[in-house]
Amino acid sequence: YTEPHIGQAAIELLQQAGWQVQLAATGCCGRSSLSKGLLDQAKAQAGALITHLAATQGPIVGCEPSCLFTLRDEHHQMLPGDQRVQQVAARIRQVEELLTEAVAAGRLPLRADSWLAGKRVLYHGHCHQKAEVGTAATVAMLRLIPGLEVAEIEAGCCGMAGSFGFEAEHYDTSMTVGADRLFPALAAEPADTVVAATGVSCRQQIFHGAERQAWHPIELLREAVAQP
């Protein structure tokens, strides 16, 4: 709800690639409540979402790694013994994977003359994504964009960690983590380098600590897609 343009970009691309998209607007996955120790609330949210998703078919995708991979990991701990959790987890796919397959199959043609041609993009991966599956799918998708040079920041955590960096008692720690590797890497890049990050908190931290606007990789792919 805070960055609707990213979800809209994903839906547009999936539909153009031939997918019928159903929006699972049934509430939170429980990740935010879990991170604050609100376990009962997190379990209730997880149960409601699993009930909805288990009644659907097809791959389940998302733009925010912490939400998507909560369905594959933490839901097993929050809802132990619920067979629907395993059924849903088996259908989890990164949206980048579906879009990369669509480009390879010719269902999502890319322009050679987008404004990204000749640009360099510096990509910062999300910690939850790196821990679960790594960043290979996102990097592979970015490298499909004609003329785009792709580099990944080896920076560890950005320091924001969800709402952690917004809290007064953690702010200095958050900035120290960001200043370890992420902020210097961004400062070393010229102003015309494009910055990308899959995590919402990562993008917020990059803007706050480095004064750089970060794109979601899905948005960049849309910039290069030939319109039907």
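These legends walk you through several close-up views of a predicted model.

**View 1. Helix α3 and the helices that cover it.** Start with helix α3, which runs through residues 39-54 and has 16 residues. From its first C-alpha to its last, α3 reaches 22 Å, close to the 22 Å expected at 1.5 Å a residue. Look along α3 for its buried residues: Ala42, Ala46, Gly47, Leu49, Ile50, Leu53 and Ala54. An α-helix has 3.6 residues a turn, so residues three or four places apart point the same way. The cover over the buried residues of α3 includes α2 (31-35), α4 (65-72), α5 (74-78) and α6 (83-89).

**View 2. Helix α1 packed with helix α7.** Here you can see helix α1 (residues 4-16) packing with helix α7 (residues 95-104) at an angle of about 35 degrees. The axes of α1 and α7 are 10 Å apart, and the crossing is left-handed. From α1 come Ala10, Leu13 and Leu14, which meet Val95, Leu98 and Leu99 of α7. By class, six nonpolar residues make up this contact of α1 with α7, with no polar and no charged ones.

**View 3. The largest nonpolar core.** This view opens up the largest nonpolar core, a set of 27 residues. Those with the most contacts inside the core are Leu99, Leu108, Ile145, Ile218, Leu220 and Leu221. At least two residues of this core are supplied by each of α1, α7, β1 (120-124), α9 (136-142), β3 (194-197) and α13 (217-224). The largest share, five residues, comes from α7.

**View 4. Helix α13 among its neighbours.** Next comes α13, which is mostly covered, with six of its eight residues buried. Those buried residues are Pro217, Ile218, Glu219, Leu220, Leu221 and Ala224. They pack against α1, α7, β1, α9, β3 and β4 (214-215).

**View 5. Glutamine 94, between two helices.** You will find glutamine 94 in the loop between α6 and α7. Because its relative accessible area is 8%, under the 20% limit, glutamine 94 counts as buried. Leaving aside neighbours within four places in sequence, glutamine 94 is in contact with Val61, Leu68, Phe69, Gln129, Val133, Gly134, Ala137 and Thr138.

**View 6. Serine 35 and phenylalanine 164.** Serine 35 belongs to helix α2. With a relative accessibility of 47%, serine 35 counts as partly exposed. Along the chain, serine 35 and phenylalanine 164 are 129 residues apart, while their C-alpha atoms are separated by 9.3 Å.

View 7. To finish, turn to glutamate 211, which sits in the loop between α12 (200-210) and β4. Glutamate 211 has a positive phi of about 55 degrees, although it is not a glycine. Because its relative accessible area is 70%, over the 50% limit, glutamate 211 counts as exposed.

Terms used: Residues are numbered from 1 along each chain as its sequence is written. This is a predicted model: local features need pLDDT of at least 70, side-chain atom pairs count only at pLDDT 80 or more; totals for chains, interfaces and linings use all residues. Side-chain values use heavy atoms; hydrogens and water are left out. Helices (H or I, at least four residues) and strands (E, at least two) are DSSP runs, numbered from the N terminus. The expected span of a helix is 1.5 Å times one less than its number of residues. Buried means under 20% relative accessible area, exposed over 50%, partly exposed in between (1.4 Å probe, protein chains only). Contact means heavy atoms within 4.5 Å. Axes are lines fitted to C-alpha atoms, for helices over the stretch in contact, and angles run from 0 to 180 degrees between N-to-C directions. A crossing is left-handed if the near helix is turned anticlockwise from the far one by less than a right angle, and right-handed if clockwise. Ala, Val, Leu, Ile, Met, Phe, Trp, Tyr, Cys and Pro count as nonpolar, Asp, Glu, Lys and Arg as charged, and the others, Gly among them, as polar. A nonpolar core is a set of buried Ala, Val, Leu, Ile, Met, Phe, Trp, Tyr and Cys residues joined through side-chain atoms within 4.5 Å.
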